[in-house]
Amino acid sequence: MTLTLNAPRIVETRPLLEVHGVSKSYGSVQAVRNVSAHAYPGEVLGIVGESGSGKSTLLRMMNLEEIPEAGSYTLDLPDVSGNLFELDRFARRMLCATKIGIVYQNPHLGLLMKHSSSGNVAERLLVAGERSFATLRQAATEALDASEFPLDRLDAPPIELSGGMQQRVQLAKAIALEPALLLLDEPTTGLDVSVQALVLDTLKRLQQDRQITMVIVSHDLGVIRTLADRVMVMRRGAVVETGLADQIFQDPQHPYTQQLVHAKL
Amino acid sequence: MTQVLEIDGLTKGFSLHHLEKDIAAFKDISFSVAAGEFVLLKGANGAGKSTLLRTLYRSYLPLAGEIRFHSSHGLIDLARAADVDVAHLRRTEISFVTQFLTARPRVSAEAIVTEPLRLAGWDPAAALDAARTALERFGVKPDLWAAYPTTFSGGEQQKVNLARALILPQKLLMLDEPTASLDANARAALVARLQELKDQGTAMIGVFHHPDDVLHLIDRIVDLTPEYTQTGGRDDVVL
Amino acid sequence: MSLSTLTKPWEAMSYGFLDGSAKRELRRKMLKSVAVPGCQMPYASREVPMARGWGTGGLQVSLTLVNPQTRVKVIDQGADDSVNAASIRRFIARVAGTPTTMDTLEADLIQSRHRIPEEVLREDQVLVLQVPNPEPLRPVQPNMSIARQMHADADYGRMWLQLYEQIVRSGRVMQGASYPSLVHGRHVMTPSPIPRWDVPKLHMAEHLTILSAGREKRIFAVPPYTRVEPLVFSDVPYKVEEHGHLTCTRSGTKGFFMNEVPQDDGSSAFEVSDSEWGVKTIRARDGIGESRGETWYKDGEMPQ
């Protein structure tokens, strides 16, 4: 039995992201049940859980790719208001293009594999209405540079690149429009350990330089430990525990979290 | 004396669900720390010294009691404070110095030391200057400043760690055996820096293997040995 | 009153070959496509005695629009006298009893494949373009359901991306014919495989253009005085084919779109693509009479 925590008293800013009471089922499988989450500006929220815990579904909802049966989603940004799940397709697309960036585990989901890497990044700006070739080129180069992508491969198609490089292209695309929210779905899963460390380092740097609010989903506790300020543990579509990252790892409360933390190599 | 921290009836234990076992760490601890005061935690191994520090820092969740912290935003109970508030206080008012540096790949020593200043909104050039001064003080050689501490020895890493943790004067500073792998010069630099911070009004709670390192800084001792939790003066440190 | 006064005498086919309901559907779809410029309207493309892909879409529109007074001109790649153009022209004349012409200025309805005539079209003329592939998004989005959603959302980022890729890879926009163009600031269309040279002729044109794809069953239109803007980057100007300085070896006319004729010695000769323009130029040169109208391009340049 631990103490119940109070509402914030010192931090007066509203959370940038607030998801409240979302539920989603696929047929008879309830993927997400009554989940609420929030992230403050500049904060990194980590979501851990095993496959099928509903963490990726939750992230896709935050990217408005999935609309839940119940619940609300708000982003505290200028010119954004109301429950975002109620936006029409057009408004949703513009919002996602300009305010939210996402990096998928599988680069095929986020990238046009046969287009140039710079073109993949430029597409974001094209969707937002940029029509100057020089500006597109410049912005794409800068975003790729910020993602520590080697600029001599600017126009190489992702299909010719290594997994780590593909993730950097995805990252550059995600940050090209300086989104307020960056969503990361298992961004380093499947990469070699050394490459994984470099991608994580890039993410960390980016977070420190730009103070982007991030939500990162992973089953890899090491990834979450490296990046997250706060951690939410999910199991079978529900949240079992949330807390400061160091607290979750050093003093996990829920039996499932303890099992998860102790199972880590 | 201005109180900084008032600990009241603090209790911590761990429930190990897979063993179906509850382990008590410490029970019903009460003491307070004032501004500019240095409190040494004493007790046998396993008495819960480090656990107490971590509980105060909220890496551990207490089971009962209050940790009243006089923050610049007013009185707040750290035992029940919201996660964001704790995170905010950690950035601005509460510091925790551990025995180890959590070095990240490809981040230079000076960049690591600069971080707390950058988070506090310092200008990059001024922050870098301050960071270099701090590194020099702890005896890190200038040619290592731009190097990555991941490859440093334990002692050198700890110097970087201390330079980082002590660069910004905070209201409350917790020290968990910071002298563990330090050479004599660095230890002297640490004591000097702690004295400086103490004079500026930082309240400190420390766990030291060899309390004689910091002997003249100690104002009070809190003994966590279960039979008697009491506080005494500097003279009690008889080794 | 007898049965014979109430009914028409037996005929081998309806006027203009297509039956009444087919023409009615086409008329409705044409009205719709005029109402929403550049937006593709689906229609039930009927069988005509010609293979799909040979201009059946254009032919159905022509057959619906003509009456016995409509003067019809048919061109294929600029030429009135190619087999395909001649066959279609003869077919329309035969089933609808229309007069035919090769003179752009005399024509009421011009059915064309791959070209817009060099002489300026008027408000009282209709241009029917045959379209093999009406979907400009097909190269970037093979799924037609998604492509339709993209049109609905004016989600054309991928089209621009295609241009970006061409400039990155080749240093310039490689798109030759069918240059994607934004109609009335809303829908991107493919203007059928006309060369880049012809696209500016559609912009704020006086005439109505109807584009019809028989095999793909889609019809769309550029109404008179409608903006047609090729997709270009603000800092990479639209370029037409560099034909402005070429001279036709047969007629001597200069400053129009040319066909390249490879020569035995490896060089190239050029002849004007709009065959009737060439004929008119030769007639004027030989003193038979001046019949040339105003042209869109002047001295090889399109006036802004």
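Select domain 1 and domain 2 of chain C. In this predicted model, 15 residues of domain 1 of chain C are in contact with nine residues of domain 2 of chain C. For the selection, domain 1 of chain C is 20-136 + 178-229, and domain 2 is 241-287.

**Chain C against chain B**

How far apart are the closest C-alpha atoms of chain B and chain C? They lie 33 Å apart, and no contact joins the two chains.

**Chain B against chain A**

Two pairs of chains touch, and the pair of chains A and B has the most contacts. Chain B puts 26 residues into the contact, and chain A also puts in 26 residues. Which helix of chain B gives the most to the side that touches chain A? Select residues 83-92 of chain B: this is helix α2, and seven residues of the side come from it. Then colour the whole chain B side by class. There are 13 nonpolar residues, six polar ones and seven charged ones on the side of chain B that touches chain A.

**Inside chain B**

Domain 1 of chain B covers 3-93 + 170-236, and domain 2 covers 103-168. The C-alpha centres of these two domains of chain B are 24 Å apart. Across the boundary, 12 residues of domain 1 of chain B are in contact with 11 residues of domain 2 of chain B. Next, pick residues 184-199 of chain B. This is helix α6, which supplies six residues, the largest share of the domain 1 side that touches domain 2 of chain B. By class, that domain 1 side of chain B holds six nonpolar residues, three polar and three charged.

**The sheet in chain A**

Move to chain A and switch to a cartoon view. Look for an open sheet of three strands of chain A, in the order β2-β1-β4, with antiparallel pairing. Its edge strands are β2 (29-39) and β4 (70-75) of chain A, each pairing on one side only. Neighbouring strands of this sheet are turned by 20 degrees against each other on average, direction ignored. Select residues 17-26 of chain A to get strand β1, which pairs with β2(A) over seven bridges in the antiparallel sense. Where is the bridge partner of A:V19 in β2(A)? Zoom in on A:A37, which is that partner.

**A helix pair in chain A**

Finish with residues 117-127 and 133-146 of chain A. These are helix α4 and helix α5 of chain A, which pack at an angle of about 115 degrees with axes 9 Å apart. So α4(A) and α5(A) are roughly perpendicular to each other. The crossing of α4(A) past α5(A) is right-handed. Show side chains at the contact. On α4(A), display A:S117, A:S118, A:V121, A:A122, A:L125 and A:L126. They meet α5(A) at residues including A:L136, A:R137, A:A140 and A:L144. By class, the contact of α4(A) with α5(A) has nine nonpolar residues, three polar and one charged.

Notes. Residues are numbered from 1 along each chain as its sequence is written. Chains are lettered from A and ligands numbered from 1 in the order in which they are written. This is a predicted model: local features need pLDDT of at least 70, side-chain atom pairs count only at pLDDT 80 or more; totals for chains, interfaces and linings use all residues. Domain bounds come from an automatic or database domain assignment. Two residues are in contact if their C-beta atoms, placed from the backbone, lie within 7 Å. Helices (H or I, at least four residues) and strands (E, at least two) are DSSP runs, numbered from the N terminus. Ala, Val, Leu, Ile, Met, Phe, Trp, Tyr, Cys and Pro count as nonpolar, Asp, Glu, Lys and Arg as charged, and the others, Gly among them, as polar. Two strands pair if DSSP finds at least two bridges between them. Axes are lines fitted to C-alpha atoms, for helices over the stretch in contact, and angles run from 0 to 180 degrees between N-to-C directions. Angles under 35 degrees count as roughly parallel, over 145 as roughly antiparallel, 65 to 115 as roughly perpendicular and the rest as oblique. A crossing is left-handed if the near helix is turned anticlockwise from the far one by less than a right angle, and right-handed if clockwise.
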